[in-house]
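Subject: Structure handover

Hello,

My notes on what was found follow below it.

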Amino acid sequence: MSPTDLARTPVDAAGTAARSPVPSAAPSPGPALAAAMLGFALITLDTSVVNVALPAIGADLRAGMSGLQWVVDSYTLAFAALLLSSGALADRIGASRAYGAGVVVFTLASAACGLAPGLPALLAARTVQGVAAAVMLPASLALVREAYGDPARRARAVSLWAAGGTVAVALGPVAGGALTTAWSWRGIFFINLPLGLLALVLLTRVARSARRPAPLDLPGQLTAVVALGALTFAAIEGGARAWWALGVAVLCFAAFLVVEARRTHPMVPLGLFRDRTVLVAVSAGSANSVAFYGMIFVFSLFFQQVLGLSALGAGLMFLPMTALLAGVNVLSARVAARYGARLPIVVGQVVAVAGLLGLLTVDAGTPLAAQALLLVPLALGAGFSLPPLIASMLEAVPAERAGTAAGLLNAIRQTAGALAIAVFGSFAAAGVESSLRVSLLISAVLLALTTLASLRLPRHRSRV
């Protein structure tokens, strides 16, 4: 799972583009769709391709467990924290300009990652990658919306846009493992260069987007970034510094709430959280991210550091679980359309919990085929429950806030995944095999709680 989850609905990740009037369609919408799909695939690929390369990065750059956690989280946190404001930025400067700038910065940052002489340089470049990804995501969907004036054709185009991200998620661990084994961990970043250049070539054939007025919430954005960064620092670093960082996180979060409550156009309308469906969707979506992203991180370490597999071997272990995501998403939508969203939401989470409990039986002596198959129920359950969860949240808010709600849910989910990697990685520093069971139990408990909460969702049918 990834930002593709939000692509199930025809709104952008930050909201403003979804409420903007659609300009005249370009003579040929194909280049716009191709450019958007390619950029979106790059974004989602970088959320999953790095995990299997972590042991190689650690060995080459002499990075400990906390350093490896930051390799993942520096990207994810920058992406999540800036996602809510990036849609407004795309509106202000035009989606095509924002997308082009994002692709250029992302490509250059990828080159900097591949050339990084040490861990600090790699972390700085990963952060810039995350910033660029946050700009690219809503702009890419806005390009699709602008290129297709007919609603039916636009809906099909959005589905293709989403499929690009789903395929990238599925191929990420395998591609990362193959590049790391055959070349170097640096190859997982260099591969972005030709793809980024191709996206820019396609963009030259796309009509220039109009500029639109859109308010920016800079105080809210600043306090959110500092709060999330400090909280993640506390989870990863530990020790006495963690308490100082936690205090900073609490103060900045309080300041964020005050800012959002007083602004005329807040980045996060706090009134959304008064709705029970919104609370359930945010909680369950976050639990899904903790389980999915957290387990990919921990099992990537387990497969290589405990079982001794190569990076490619570790990537292939994830292929059965990730390859089924797209099909499960489609099936979930059909079930929700017939029986309502609550059924697939609850069933999906129950399956994911059962999968997590089944994974508790895994140890160094478990056959590899059995381990790969035991990962499948987690992906099936998470993929089955998430699309109707997103749709339920969007239906629970006013139409003019649907995009904001979508961006909020995605940002919180990405943050939950980043924090899961921070916490589970801290456990792994004391021993990967023992931390695996603790991480599995935490994920199972969180999903069990949100499953119970999901039983309070309305029974009525909803559109997905």
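A salt bridge is counted here when a side-chain nitrogen of Lys or Arg lies within 4 Å of a carboxyl oxygen of Asp or Glu. Please bear in mind that the model is predicted.

Salt bridges

By that criterion the structure holds two salt bridges. One of them joins the side chains of Arg 126 and Asp 46, with an N to O distance of 3.1 Å. Arg 126 belongs to helix 6 (residues 119-147) and Asp 46 to helix 2 (residues 30-48), so this pair ties together parts that are 80 residues apart in sequence. Are the two partners buried or exposed? Arg 126 is buried, at a relative accessible area of 1%, and Asp 46 also counts as buried, at 1% relative accessibility.

Arg 186 forms a salt bridge with Asp 60, where the closest N and O atoms are 3.6 Å apart. This pair links distant parts of the chain, 126 residues apart: Arg 186 sits in the loop between helix 7 (151-182) and helix 8 (187-190), while Asp 60 is in helix 3 (residues 54-61). Asp 60 has 44% relative accessibility and therefore counts as partly exposed.

Aromatic residues

Searching the whole structure gives 11 aromatic pairs. Among them is the pair of Tyr 75 and Phe 79, which is stacked, with 6.3 Å from centre to centre and 25° between the planes. The angle qualifies because planes under 30 degrees apart count as stacked. Both Tyr 75 and Phe 79 lie in helix 4 (residues 65-93), four residues apart, or about one turn of the helix. In an α-helix there are 3.6 residues a turn, so residues three or four places apart point the same way. Tyr 75 is buried, with a relative accessible area of 0%, and Phe 79 is buried with a value of 0%.

One aromatic cluster is formed by Phe 299, Phe 302, Phe 303 and Phe 318. Phe 318 is also one of the buried residues of helix 13.

Helix 13

Helix 13 (residues 311-323) has 13 residues. From its first C-alpha to its last it reaches 18 Å, close to the 18 Å expected at 1.5 Å a residue. Where does helix 13 bend? The bend is at Met 317 and amounts to about 30°, with a proline, Pro 320, following within four residues. Met 317 is itself buried, and the buried residues of helix 13 also include Ala 311, Ala 314, Gly 315, Met 321 and Thr 322.

Cysteines

How many disulfides does the structure hold? The number is zero. Cys 113 counts as buried, at 0% relative accessibility. Cys 252 is buried too, with a relative accessible area of 16%; this value falls in the buried class because the class takes in everything under 20%.

Two single residues

Thr 107 is placed in helix 5 (residues 95-115) and is buried, with a relative accessible area of 9%. Leaving aside neighbours within four places in sequence, Thr 107 is in contact with Asn 192, Leu 193 and Gly 196.

Arg 62 lies in the loop between helix 3 and helix 4. Although Arg 62 is not a glycine, it has a positive phi of about 55°. Arg 62 is exposed, with a relative accessible area of 80%.

Regards

Definitions and conventions. Residues numbered from 1 in each chain as written. Predicted model: local features only at pLDDT ≥ 70, side-chain atom pairs only at ≥ 80, totals over all residues. Heavy atoms only, no water. Disulfide = S-S within 2.5 Å. Buried < 20%, exposed > 50% of the residue type's maximum accessible area, 1.4 Å probe, protein only. Phe/Tyr/Trp six-rings, centres within 6.5 Å; stacked < 30°, edge-to-face > 60°. Helix = DSSP H or I, 4+ residues; strand = E, 2+ residues; numbered from the N terminus. Expected span 1.5 Å × (residues − 1). Bend = angle between axes of the 7 residues up to and from the residue. Contact = heavy atoms within 4.5 Å.
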